[in-house]
Amino acid sequence: MNLARPTALALLLVFVLVPTVSAHAATAIVKSGDGWQLQVDGKPYVAKGVTFSGGRSADYERDCARLAELGVNTLRTWGTGTETRVLLDAAHKHGLKVLVGLWLRQGRPGAESDDSFDYLHDSKGMKKQFADTLAQVRAFKDHPAVLAWGLGNEVLLNSPDDASKEAYARFLEQVVREVKKLDPGHPVISVDAWTLGVPWWMKFTPSLDAYGINVYGGGIHVLPGELQKAGVTKPWLITEFGAQGEWDAPKDANGIPHEPDDSQKYDAIVDGWNKALAPHVQQGRCLGLFVFNYSASLDHTGLWLGMLSGTSTRPAWHAVREAYSGQKPATALPAITRVSVGEVKREKSGTFAQVQVETKDAEGTPLDVSFAYNFRGAATRHERDEVVRLQATPGPTPGAWLVRMPAVKGPIKLYALGKDRAGNLAAATTSVALPSVP
């Protein structure tokens, strides 16, 4: 299992009181007044985190050093693999903790993966998952970088019916109990989208120490009240967070979800931490936040929600630093203030679109502008997330470009990308309805 999340959407974590008996950086969630407090070796700890897909394991030490400089103190993964120990070692060297994900299979193809598992009838498969999970706990439980265990991710969201949800929640309870017997020194949580997991956890998985919740956009401001309405008394963490996601976004005239602009993405993270969560951290209800996502991939999810794009930094990078350390960018970040598509012409040599781009840079120097596209009508998960570079030629006037369109039929999402000399990447999107390919 690779550390990377199969494809991103929304998450929730929750922790319960556990004893601290391990000699290796034991973690506990203890009652504190009317709320809870996460502690590491008896000292208060608030998770200021990011989800971590990373790149090559050879770069993990550099990755952890950079994240620590932003004020990040915790990483979250979705699963374990051959690279897990390398990441744990790098995290520990740079003073970071890791919420170690223990992947449990999805009940149907959906937002998280294209997997499908039957929790109602596949007893052999559940036995294997049970054994594999405990083997991973044994392998890593004594590592000083381990903060807690995160069992499953959005399995309830991706379960086909109530009977399957109950079966999974009952199975999860068995796993949680055994993990806590094997490792009483670290809390155990599970993660799901919004509040979808809460009623099933409360009824069938009472041994969880805390709840992990994935939420995006303005939902973070509403979530605490919804958890209170649901009767949640355990502490919780936001295990994935970022700007409004594609699944919630309104669609444009071509049926393409409207992506928030870079400034909206930045503000979502800073306001989410400072305004939505800060009071609940102080009251001992929320134990921390994980911003989605640290990865260097150039793809649809990465451009929408990621902190990096290749070697370039995106607005989320700087927003994480301001949220966790209070440090704003030294100069205003570059921006693409407008991208519009004019005439689209099919010629013998291909299809071309006239595109107008307006950019803004604090230094007053031109941005390195390029173009790419994403085809949302693609068949496979990889194709739907793929972002492909496009050839473009500067036009006769400032900001004018002639962009060669791809040989696909139907609407595409068009990206205008602008990179400044400091390596910051601005992005703006629109859509283009392409004519049929002869």
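Reader: What am I looking at, and what rules apply?

Author: It's a predicted model, so local features need pLDDT of at least 70 and side-chain atom pairs count only at pLDDT 80 or more, while totals for chains, interfaces and linings use all residues. Residues are numbered from 1 along each chain as its sequence is written, and side-chain values use heavy atoms, with hydrogens and water left out.

Reader: Let's start with cysteines. How many disulfides are there?

Author: In general, a disulfide is a covalent bond between the sulfur atoms of two cysteines. The rule here asks for a pair of cysteine sulfur atoms within 2.5 Å, and the count comes to zero.

Reader: Is Cys64 buried or exposed?

Author: Here's the scale: buried is under 20% relative accessible area, exposed is over 50%, and partly exposed is in between (1.4 Å probe, protein chains only). Cys64 is at 0%, so it counts as buried. Cys286 has 2% and is buried as well.

Reader: How many salt bridges does the structure hold?

Author: The general idea is that side chains of opposite charge can pair when their charged atoms come close. The cut-off is a side-chain nitrogen of Lys or Arg within 4 Å of a carboxyl oxygen of Asp or Glu. By that rule you get 22 salt bridges.

Reader: Which residue does Asp114 pair with?

Author: Its partner is Arg381, with the closest N and O atoms 2.7 Å apart. Asp114 sits in the loop between E7 and H3 and Arg381 in helix H10 (residues 381-385), so this pair ties together parts that are 267 residues apart in sequence. Arg381 counts as buried because its relative accessibility is 17%.

Reader: What do those H and E labels stand for?

Author: They're DSSP runs numbered from the N terminus: helices (H or I) have at least four residues, strands (E) at least two.

Reader: Where do Arg177 and Glu173 lie?

Author: Both are in helix H4 (residues 162-182), four residues apart, or about one turn of the helix. As a rule, an α-helix has 3.6 residues a turn, so residues three or four places apart point the same way. Arg177 and Glu173 form a salt bridge, their closest N and O atoms being 2.7 Å apart. Arg177 is partly exposed at 47%, whereas Glu173 is buried at 5%.

Reader: Which residues of H3 are buried?

Author: Look for Gly125, Met126, Gln129, Thr133, Leu134, Val137 and Phe140.

Reader: How many bridges join E17 to E21?

Author: Seven bridges join strand E17 (residues 368-374) to strand E21 (residues 410-419). To find one in the viewer, pick Ala372: its bridge partner in E21 is Tyr415.

Technical notes: Pairing = 2+ DSSP bridges.
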